[in-house]
Amino acid sequence: MTEDNDLLIKQFFQQAAQQQIADNGFTEHVMQRLPQHASLAARRTLLTRLWTAFCIVVFAVLFVVFHGWELLTIQFEVMLQTLSVQTFSVNLLMVATVLFGLLFVGVGEVISSEIARK
């Protein structure tokens with residue numbers, strides 16, 4: 001039964017696909033004026049990569065200019081020296097703030113991924 005229905009549907013659409021509607025070249029004209037999706041995606045990817053490379057270079061230059069390795073060394077030494085005498089306490093307000101921020105970031109990522117699928 002379903003094979004007969006599939007055959008009838010295939011025949012119907014095969015006949016419909018052979019039809020041509022005269023539109024005086026309107027469809028071809030519109031298709032030529034549409035932006036190429038592949039070139040837009042490639043351009044967007046290129047700009048994203050260039051921006052990332054630019055930010056990395058700026059970070060590296062600023063790290064060298066402000067002697068970042070010295071600051072990191074000092075912070076690491078202080079952390080190691082005070083680690084044995086330091087008491088740990090949990091600030092619930094800070095934990096709640098961080099979790100709330102992560103929730104907003106997660107929701108934003110879900111929304112942006114759903115929008116990107118459309």
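**A ring pair and its surroundings**

Author: Let us begin with Phe104, which counts as exposed because its relative accessibility is 54%. Please keep in mind from the start that this is a predicted model. Phe100, by contrast, has a relative accessibility of 48% and so counts as partly exposed; the cut-off that matters here is 50%, since exposed means over that value. Both Phe100 and Phe104 belong to helix α5, which covers residues 92-117. They sit 4 residues apart, about one turn of the helix.

How do the two rings meet? By the rule used for ring pairs, the count comes to 5 aromatic pairs. Phe100 and Phe104 make up an edge-to-face pair, with 4.7 Å from centre to centre and 90 degrees between the planes. The label follows from the angle, because planes over 60 degrees apart count as edge-to-face. Elsewhere, ring pairs join Phe59, Phe63 and Trp69 into a cluster.

His67 is found in the loop between α3 and α4 (68-83). Although His67 is not a glycine, its phi is positive, at about 50 degrees. With 38% relative accessibility, His67 counts as partly exposed. Asn24 has a positive phi too, of about 55 degrees, and is likewise not a glycine. Asn24 belongs to the loop between α1 and α2 (26-33), and its relative accessible area of 83% makes it exposed.

Now let us step back to the whole chain. The protein chain has 5 helices and 0 strands, and from the N terminus on its elements run α-α-α-α-α. The radius of gyration is 30 Å, well over the 13 Å that the globule rule gives for 118 residues, so the chain is more spread out than a compact globule. Along its principal axes, the C-alpha trace spans about 85 × 45 × 25 Å. Of the 118 residues, 1% count as buried. The chain exposes about 11800 Å², and carbon and sulfur atoms supply 68% of that area.

Finally, a word on confidence. The mean pLDDT of the protein chain is 81, and 92% of its residues reach 70 or more. Confidence is highest in α3, at a mean of 86, and lowest in helix α1 (residues 2-17), at 80. Where pLDDT is low, the predicted coordinates should not be read in detail.

Notes
Residues numbered from 1 in each chain as written. Predicted model: local features only at pLDDT ≥ 70, side-chain atom pairs only at ≥ 80, totals over all residues. Heavy atoms only, no water. Phe/Tyr/Trp six-rings, centres within 6.5 Å; stacked < 30°, edge-to-face > 60°. Helix = DSSP H or I, 4+ residues; strand = E, 2+ residues; numbered from the N terminus. Buried < 20%, exposed > 50% of the residue type's maximum accessible area, 1.4 Å probe, protein only. Rg over C-alpha atoms; globule rule 2.2 N^0.38 Å. Areas by Shrake-Rupley, 256 points an atom, 1.4 Å probe, with all protein chains shown as cover. pLDDT = per-residue confidence, 0-100.
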